[in-house]
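The sequence and structure come first.

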Amino acid sequence: MTTFLAGGTGTPKLLAGSDTVFPPSETVVVGNTGDDIELGGVLISPDLDTVLFLDGGVLDRKTWWGIDDDPSITHDELVRIADRTGLDSEPRYLPEDRQTAGREIAQWRRFSGVGEFMQIGDRDRAVHVTRTSLLDEGATLTEATETLADAFGLDRTLLPMSDDPVATIVHTPDGPMHFQAFWVGHDGEPPVETVEFRGAADAEPTEQVLDALSQPVVIGPSNPVTSIGPMLSMERFEQALFETTVVAVSPFIGDQVFSGPAAKLMRAMGYEASTAGVAEAYPFVDAFVLDSEDLTALDRPVVRTDTTLDTDADAARVARAVRDALELSEHTAPPSATQPETDGDQ
């Protein structure tokens with residue numbers, strides 16, 4: 001078995017063409033839930049749902065978000081009503097005393113549905129209603145995710161990182177805001193002072209997740225701060241990575257990020273916005289997969305290939321490099337040791 005850590009679009013894009021290298025029935029995906037929000041009373045789990053829809057064959061692969069060709073009648077009407085009545089369609093937090101009321105899993109990330117600042121398709125909404133209703137019936141997020149995976153016919157095991165609430169809060173000069181408000185509501189434009197993983201001190205990975213982390217682990221080219229950081233913020237989760245084999249694909253080519261706000265967020269957390277910064281953020285990683293044009297010298301083994309992930313063929317190529325890096329890691333010293341760089345171009 002091999003376990004993938006998924007957040008944002010990086011790891012899902014890698015998984016999209018990896019089936020011949022990492023068969024779905026022999027892989028587990030642990031999804032980030034720091035990006036989850038409660039919007040209009042329903043819990044949305046974007047990173048879990050991207051994998052759910054990908055493996056279910058319905059993902060909108062133009063946006064890597066939501067269900068392909070999903071009508072948005074309800075969303076459009078919510079926006080129309082807000083516009084017609086002069087209500088603000090910006091992210092609307094519920095009052096502070098409501099942030100820790102109700103469902104524990106949604107603490108510190110509750111938004112009004114007025115104007116619905118995130119576009120939710122109608123079929124997509126049915127997933128969120130089902131998830132939320134299962135939670136209200138007493139299911140854990142892990143149990144609700146398993147039910148949804150069955151509904152979409154997944155061969156791969158999909159797990160949330162925890163059944164406890166961890167909310168990714170971006171601190172800006174204008175005050176703290178949830179990551180979805182920062183990225184979707186404000187287009188990632190506010191300056192970032194730091195990023196907080198609220199609730200992490202009291203959160204625990206589930207036993208299913210800890211079992212998955214006892215297998216070799218792959219981190220795709222996801223944002224190290226907001227896609228992987230919420231997982232690492234749980235002490236037992238990060239410790240488990242030091243005790244297993246881990247390979248990571250850099251989301252940078254040198255100091256150029258592929259996409260998203262990773263560069264801004266890494267600088268805010270005190271890391272260099274580069275492959276070298278990723279290596280510093282991931283001291284538990286045994287080997288890295290870097291782009292052929294990324295000449296960064298690291299203190300751990302490196303396998304190089306073209307890390308572009310535009311097509312399934314691209315993903316298959318990077319997956320083969322990941323497999324090579326895992327095999328290489330089995331014959332090298334732990335990352336605490338000083339070791340020469342090894343090239344393994346594909």
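## Asp294

Asp294 sits in the loop that runs between strand S14 (287-291) and strand S15 (302-305). The model is predicted. Asp294 is buried but has no salt bridge. The nearest side chain of opposite charge belongs to Arg304, 5.4 Å away, and a salt bridge requires the nitrogen and the carboxyl oxygen to be within 4 Å.

The side chain of Asp294 does make a polar contact, at 2.5 Å, with the side chain of Thr296. Leaving aside residues up to four places away in sequence, Asp294 touches Phe252, Ile253, Gly254, Thr275 and Arg304.

## Salt bridges

There are 17 salt bridges in the structure. One of them joins Asp49 and Arg131, with the closest N and O atoms 2.4 Å apart. Asp49 belongs to helix H2 (residues 46-55) and Arg131 to helix H4 (residues 122-136), so this pair ties together parts that are 82 residues apart in sequence. Asp49 counts as buried because its relative accessibility is 4%; Arg131 counts as buried at 2%.

Arg236 and Glu207 also meet through their side chains in a salt bridge, 3.8 Å from N to O. Since Arg236 lies in helix H9 (residues 235-242) and Glu207 in helix H7 (residues 207-212), the pair ties together parts 29 residues apart in sequence. Arg236 is partly exposed, with a relative accessible area of 40%, and Glu207 is partly exposed at 49% relative accessibility.

A further salt bridge links the side chains of Asp306 and Arg317 (3.7 Å, N to O). Asp306 is in the loop between S15 and helix H12 (312-329), and Arg317 is in helix H12, so the pair ties together parts 11 residues apart in sequence. Asp306 counts as partly exposed at 34% relative accessibility, whereas Arg317 counts as buried at 18%. Elsewhere, Glu38, Arg103, Arg110 and Asp136 are linked in a network of salt bridges.

## Nonpolar cores

The largest nonpolar core contains 56 residues. Those with the most contacts inside this core are Leu5, Val30, Ile219, Phe237, Leu241, Tyr282 and Phe288. Helix H10 (residues 262-268) supplies the largest share of the core, 5 residues. A second, separate core has 37 residues, including Ala149, Val247, Val289 and Val303.

What does Val30 touch, not counting residues up to four places away in sequence? The contacts of Val30 are Thr3, Phe4, Leu5, Ala6, Leu159, Pro160, Met161, Val209, Ala212, Met231 and Phe237.

How values were computed: Residues numbered from 1 in each chain as written. Predicted model: local features only at pLDDT ≥ 70, side-chain atom pairs only at ≥ 80, totals over all residues. Heavy atoms only, no water. Core = buried A, V, L, I, M, F, W, Y, C linked by side-chain atoms within 4.5 Å. Buried < 20%, exposed > 50% of the residue type's maximum accessible area, 1.4 Å probe, protein only. Helix = DSSP H or I, 4+ residues; strand = E, 2+ residues; numbered from the N terminus. Contact = heavy atoms within 4.5 Å. Lys, Arg positive; Asp, Glu negative; His and termini not counted. Polar contact = N/O pair within 3.5 Å; in protein donor to acceptor, adjacent residues only side chain to side chain.
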